[in-house]
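This report covers surface patches and aromatic contacts. Please look at the structure first.

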Amino acid sequence: MNQATVNEKYKVSPFYVFFLIHAMQTGLGALSFQRELAKFTGTDGWMSILLAGLIIHLLIWLIYKIFKMVPGDIIYANHYVFGKWMGSFFSFLFILYFFILGMTVIVGYIRVIHVWMFDDVPAWALVTVFLILIYYIISGGFRTVTGIAFLTIIISYWLLFFPFYGIKYSDFTGVLPIFDHSILDILKGTRSISLTMLGFEMLLMYYPFIKKAETSQKFAHGGALTTTLLALIVYFVSIAFYPLKLLTLTLWPTLTMTSIIELPFIQRFEYITISWWAVIIIPNMVIPLWAASRGIKRVFNIQQKYPLWIMSIIIILVNIFYYDIDILYVTNKIINPYSVSFIVLYLPLLFVLIKIKKKWKRF
């Protein structure tokens, strides 16, 4: 297993790591994270968000420490520590996680389109359109993937006026009381927003594609910090806008909040939000599927397009035969508790094992 050396012409500047992480973290979860968070922590949800942000910064720091000792990607790091067969097994777990995360985002967004806009359009037809676009972007290489992440962030920040629009209808006494929940509740809330905060771990695959990658750490932390601050703003406005009990019953609080916006030339402004969210959600679909197909290419030494075809077929078949609210429920149950626990536990373990092996080789 080589060290995932990448030709310089395929690499991107360190600055773009900010957009890769922030674009990956801002997507499907931003539409609904308030609901689950409010169930566990109520007005203390901000503490869960801050704790999640702190954990992510620690894990990003750990990723850079790992690759400082073992330059490459997670595939090579696994191979270095565990050997060919066991390393390939752990690499496969990461590939499977990347694939399930990408599929969860696609299925989740199609659900939003069905409920709010086009309930009669078959799910497989909508997902096929997205997969064609995803394949086209990934075929352009990682620089194209990065360009899409950069573009979606730049052209989508006008959506920030939604929370501020809701402020004039908000009652900020609703943010009280604070410090009203146990540590266990705060931890449960932290786990509940994992789908919103996940995405930084894609760095494990695209690290070799960054020029002078060690200098990009500050941009990685900047992207994660921006996501944390954005989540705090949206949550504060949400608990002030909604009565707490209503917030826990609202499936997509962010979208529902936009339905109050009235303009002379459009009656249903949430249609604009959902349509534009397709732009925001594209990196959430592209980056995990790129990482999964790249991982298969690294492990099995085959062209990246072949695993991408297979994954696309699987996603279409899931939407044909198993598409309902249950499949979204199941994928979320897989992504939220198990994947987060795996990443939080595995990265420190990998770091320790690499340190031990490095020291052992010196003797």
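A patch is made of residues with over 30% relative accessible area and no salt bridge, where like charges are joined within 9 Å and nonpolar side chains (Val, Leu, Ile, Met, Phe, Trp, Tyr) within 5 Å. A salt bridge is a side-chain nitrogen of Lys or Arg within 4 Å of a carboxyl oxygen of Asp or Glu. Accessible areas come from the Shrake-Rupley method with a 1.4 Å probe, and for residues only the protein chains shown count as cover.

The model is predicted: local features need pLDDT of at least 70, side-chain atom pairs count only at pLDDT 80 or more, and totals for chains, interfaces and linings use all residues. Residues are numbered from 1 along each chain as its sequence is written, and side-chain values use heavy atoms, with hydrogens and water left out.

**Nonpolar patch**

Which residues form the nonpolar patch on the surface? They are Phe-300, Ile-302, Tyr-306, Trp-309, Ile-310 and Ile-314, with about 570 Å² of accessible area together. Helix H16 (residues 305–321) gives the most, with four residues. Helices here are DSSP runs (H or I, at least four residues), numbered from the N terminus. Ile-314 sits in helix H16.

**Exposure**

Buried means under 20% relative accessible area, exposed over 50%, and partly exposed in between (1.4 Å probe, protein chains only).

| Residue | Relative accessibility | Class |
|---|---|---|
| Ile-314 | 35% | partly exposed |
| Pro-71 | 43% | partly exposed |
| Trp-46 | 19% | buried |
| Phe-179 | 57% | exposed |

Pro-71 belongs to the loop between helix H3 (45–69) and helix H4 (74–82). Its C-alpha atom is 9.6 Å from that of Ala-213, 142 residues apart along the chain.

**Aromatic contacts**

Rings of Phe, Tyr and Trp (its six-membered ring) pair if their centres lie within 6.5 Å; planes over 60 degrees apart count as edge-to-face, under 30 as stacked and the rest as tilted. The whole structure holds 28 aromatic pairs. One of them is Trp-46 with Phe-179, edge-to-face at 5.9 Å centre to centre and 75° between the planes. Trp-46 lies in helix H3 and Phe-179 in the loop between helix H8 (161–167) and helix H9 (183–192), so this pair ties together parts 133 residues apart in sequence.

Tyr-109 and Phe-130 also pair edge-to-face, at 5.7 Å and 85°. Tyr-109 is in helix H5 (residues 84–116) and Phe-130 in helix H6 (residues 123–139), so the pair ties together parts 21 residues apart in sequence. Both residues are buried.

Ring pairs also link Phe-82, Phe-89, Phe-90, Phe-94, Tyr-97, Phe-98, Phe-342 and Tyr-346 into a cluster.

How values were computed. Helices (H or I, at least four residues) and strands (E, at least two) are DSSP runs, numbered from the N terminus.
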